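Hello,

Here is the structure we talked about. Please open it first, then read my notes below.

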Amino acid sequence: EAGIADICRTAFSLLQNGGRLAVVFPAPRLLELFDAMRAARLEPKRVLLVHPMEGRAPNLVLAEAVKAARPGLHFLPPLFVRDKSGSETEGLKRMYD
């Protein structure tokens, strides 16, 4: 079974400088993800927090890292999967268009 550190080390060996790694990861473990990325010389660049419903904490994070890049992290607007009534949000529907 491969952990996130193993995945990041393997990605580093497969990517060219400037190559990108995209990851879907549990939001509560975001620091673990960033630690593994940086240990493998993959610099976190973009982060999108995914909330299951408006008013709830994020449960997933979409993160992108670049091999051998300079530091600089950008947070994208959050994605809410469902609104307060339980319906899919327009943001989620746009992802599938």
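Start with two helices. Helix H1 (residues 4–14) packs against helix H2 (residues 30–39) at an angle of about 35°, and their axes lie 8 Å apart. Axes here are lines fitted to C-alpha atoms, for helices over the stretch in contact, with angles from 0 to 180 degrees between N-to-C directions. From H1, the contact uses Ile4, Ala5 and Cys8. From H2, it uses Glu32, Leu33, Ala36 and Met37. Contact means heavy atoms within 4.5 Å. By class, six of these residues are nonpolar, none is polar and one is charged. Nonpolar covers Ala, Val, Leu, Ile, Met, Phe, Trp, Tyr, Cys and Pro; charged covers Asp, Glu, Lys and Arg; the others, Gly among them, are polar.

A word on the source. This is a predicted model: local features need pLDDT of at least 70, side-chain atom pairs need 80 or more, and totals for chains, interfaces and linings use all residues. Residues are numbered from 1 along each chain as its sequence is written, and side-chain values use heavy atoms, without hydrogens or water.

Now the whole protein. It has three helices and five strands. Both are DSSP runs numbered from the N terminus: helices are H or I with at least four residues, strands are E with at least two. The order along the sequence is α-β-α-β-β-β-β-α. The C-alpha trace spans about 45 × 25 × 25 Å along its principal axes.

Next, charges. There are six salt bridges, each a side-chain nitrogen of Lys or Arg within 4 Å of a carboxyl oxygen of Asp or Glu. One joins Glu64 to Arg20, with the closest N and O atoms 3.2 Å apart. Glu64 is in strand E3 (residues 60–67) and Arg20 in strand E1 (residues 20–26), so the pair ties together parts 44 residues apart in sequence.

Best wishes
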